[in-house]
Amino acid sequence: MNELAINIQNLEKTYSTFKKDAGFSGAIKSFFVRQTIRIPAVKTMSFSIAKGEFIGLLGPNGAGKTTLLKMMTGLIPPSSGSVTAFGQFDTSTRPPAYLRRIGMVMGQRNQLHPDLPAIDSFKLAQAIYGIPDEPFERRLKQSLHLFEIESKLNIPVRKLSLGERMKMELILAILHEPELLFLDEPTIGLDFNAAKQIRNFLAETNRQFGITIILTSHYIKDIEELCKRVILINEGEVVYDGSLAGLDVRVQGERLFNIETVDESSHSKIMQWIASSEGQVKMTQDVSSNEGISFAVNSQKVGETVKEIFQLVGPHAIRDMTINERSLEDVFAEIYSRRPGATSVSEERD
Amino acid sequence: MRSHSHRDPWELSRSSVAWTTVVNASWLYFTQCIQAALLYRSSLALFVVTEAFAYAGFIAFWYKAAASNPNQTFYTPLALVLYFALASFHHGIQHHTSSRDIGSDIRLGKLSYAIIRPFPYLLQALLRSIAFTITYGVLLLPLLVIAVKLVPGLSQELAKGWSIIPWWQYPIAIVIGIMASCLIRIVIGLLAFDMSQVWGPDTLFIALYYSASGVIFPIDLLPATLLAAAQWTPMYYMVGFPVLTLMGRISNTEFNEHASRGLIVLLATSAIVAILWRRGIKRFEAIGI
């Protein structure tokens, strides 16, 4: 069994916040009496991450990804349960020996000093982590070359483009050669080329140095290109933990039909046929008009399905019909739409 | 794949934080704060011009006030001019904004990065305050020199004070003053622990600063009881203490007493910083901005 980078046991996090009624009267009322509410951001999670893994942490907004990431870094303590790093560190106590072995990049936060050129922030990191000149220069040179931003090293950070700044942020995060790198949406808002360069850089970092990387992203491309394992989170719970290939099989095993009918009666007949299919045909979109019906069927049954529909309503009742492979986005959306725990979609892991 | 146990030799020291590393990083951070401050040339120029007007206004007002009351002998008009030239300088050099910086660090996520780096955040806040103080000191010193040169008799008045105090008293007074200023402003930042909520504690600080520091009136004009009370606040050490020391208005015995009291105030303020930091970081951790 691989050594563990992170081991999470029965992790929970609940936030307290307050509600305010709308308008000025609400503000006055809230000034004197506040109604406190507790929000469970993470509900009883347990999983582990081996050294050298590249993990994609996915979920819709508010799913609990960033909260989980913050508990793993030690930024916030859990309400209950534990996060143990490298088999010895309780991350919630932020021991210096642990902090020296991790790096973090948040796509919507800056670590670089905005007024100074990036090289000054790099030099400060060198001083903080006590990095000798030779490995510092080597790693900096390699990283700048990989990102092709050598010429931007001495320009104040606030004058850099978003892509250039994010590249510098990534370089800053890996200069001390962390063993564990946390990335919270590092490609957010970046153009295609910048995002691709960052993906290449991360893949190379993971491959060459064996750094364990935990990435949250809403961009499927990031996940497809980088993560061999994905953990899907929804409403604070893990709803899928397994290989991307495992998800891909699920994806490739289904075809997505989109049908538009010429009249309401044909539309109703198809809807009734789906309802009576006993789960063989899965609705992917709730449509109540005759504008279109979307559903997924097993790829082995595409021909049979087309035949049944034609027999049911006749070919002239179909205005348009398309059959496509389902995308990862579709599968994620479908998984997110399920209530956590209602349907098990977890893949058995070793 | 490269094994982590066979990486560069510097990695062997990862488990411990060497004090030389902290010193090197602190020095570099301190110089970078000064570099960053110097980048805002127009803001700094505006600051100097504003301070020059404040100097002139205060000096003219109090000179007129002292001259219109020839019966008082506690402050001669020239002594008052000197007091406010020095008070304006000390006020100006402590015109940094570390309390708001802490708030913006939280809002911008800097605190998140800072607390997962092996470099103490509060040390950064302190270094930043001292760096700004020194930057403003260098900028405002020429104004003080100009004031002393322009007003007839002022340089002799200053020399009179210098001839009374031992040379080492002023450096002690100014260091206590700068530390009091840095710590009290960090306290304000930590009281709110959020930029949008800092105005409340900041307003309270300004009220206490104006009453107990001696920035808007000579502090030793206060009745004895109030002066004794003010001397137990950090505000007195920000302006009044170094100015009175420079003017030779504190005897050697009084200086030792005030300096000792100042150190106690600094220790107490440091303890408050530690308590508020622990309270604030818990609050920060609860919401994890």
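These questions and answers go through a predicted model with chains A and B.

Q: How do you know how confident the predictor is in chain B?
A: pLDDT is the predictor's confidence in each residue, from 0 to 100. Chain B averages 83, and 89% of the residues score at least 70. Residues 1-15 of chain B stay under 50, and the model has 20 contacts for them beyond four places in sequence. The model scores ipTM 0.78 and pTM 0.78.

Q: What makes up the elements of chain B?
A: Chain B has 13 helices and zero strands. From the N terminus on, the elements run α-α-α-α-α-α-α-α-α-α-α-α-α.

Q: What share of chain B counts as buried?
A: A residue is buried if 20 or more other C-beta atoms lie within 10 Å of its own. Of the 289 residues of chain B, 40% count as buried.

Q: What share of the contacts in chain B with a separation of 6 or more comes from residues 24 or more positions apart?
A: A contact needs C-beta atoms within 7 Å. Among contacts with a separation of 6 or more, residues 24 or more positions apart account for 80%.

Q: Why is H2(A) called largely enclosed?
A: Nine of the nine residues of H2(A) are buried, so the rest of the structure largely encloses this helix. The buried residues are Lys65(A), Thr66(A), Thr67(A), Leu68(A), Leu69(A), Lys70(A), Met71(A), Met72(A) and Thr73(A). After H2(A) comes Gly74(A), with a positive phi near 100 degrees.

Q: Which residues touch the most other members of the largest nonpolar core?
A: A nonpolar core joins buried residues of the listed nonpolar kinds through C-beta atoms within 7 Å. Of the 147 residues in the largest one, Ile214(A) and Ala85(B) touch the most other members. Helix H8 (residues 169-192) of chain B gives the largest share, 15 residues. Domain 1 (4-248) and domain 2 (254-337) of chain A each supply at least three residues.

Q: What is Ile214(A) in contact with, leaving aside its neighbours within four places in sequence?
A: Ile214(A) is in contact with Ile49(A), Ile55(A), Leu57(A), Leu69(A), Met72(A), Phe182(A) and Leu183(A). Leu69(A) and Met72(A) are also among the buried residues of H2(A).

Q: How do you know that S9(A) is mostly covered?
A: Six of its six residues are buried. Arg229(A), Ile231(A) and Ile233(A) point one way, while Val230(A), Leu232(A) and Asn234(A) point the other way. In a regular strand the side chains alternate between the two faces of the sheet.

Q: What makes S9(A) a paired strand, and in which sense does it pair with S10(A) and with S3?
A: Pairing needs at least two bridges. S9(A) and S10(A) share six bridges in the antiparallel sense. Strand S3 (residues 54-58) of chain A and S9(A) share four, in the parallel sense. Both therefore meet the cut-off of at least two bridges.

Q: Which residues are bridge partners of Ile231(A)?
A: In S10(A), the partner is Asp241(A). Ile231(A) is also the bridge partner of Leu57(A). Further along, Ile233(A) stands opposite Val238(A) in S10(A).

Q: Which residue takes a positive phi in the hairpin of S9(A) and S10(A)?
A: Glu235(A) does, near 50 degrees. The hairpin has two residues between the strands.

Q: How far apart are the centres of domain 1 and domain 2 of chain A?
A: Taken over C-alpha atoms, 40 Å separate the centres. The contact takes nine residues from domain 1 and six residues from domain 2. Helix H8 (220-226), strand S9 (229-234) and strand S10 (237-243) of chain A each supply at least two residues of the domain 1 side. That side divides into seven nonpolar, one polar and one charged.

Key:
Residues numbered from 1 in each chain as written. Chains lettered and ligands numbered in written order. Buried ≥ 20, exposed ≤ 12 C-beta atoms within 10 Å, placed from the backbone. Domains from an automatic or database assignment. Contact = placed C-beta atoms within 7 Å. Nonpolar A, V, L, I, M, F, W, Y, C, P; charged D, E, K, R; others polar.
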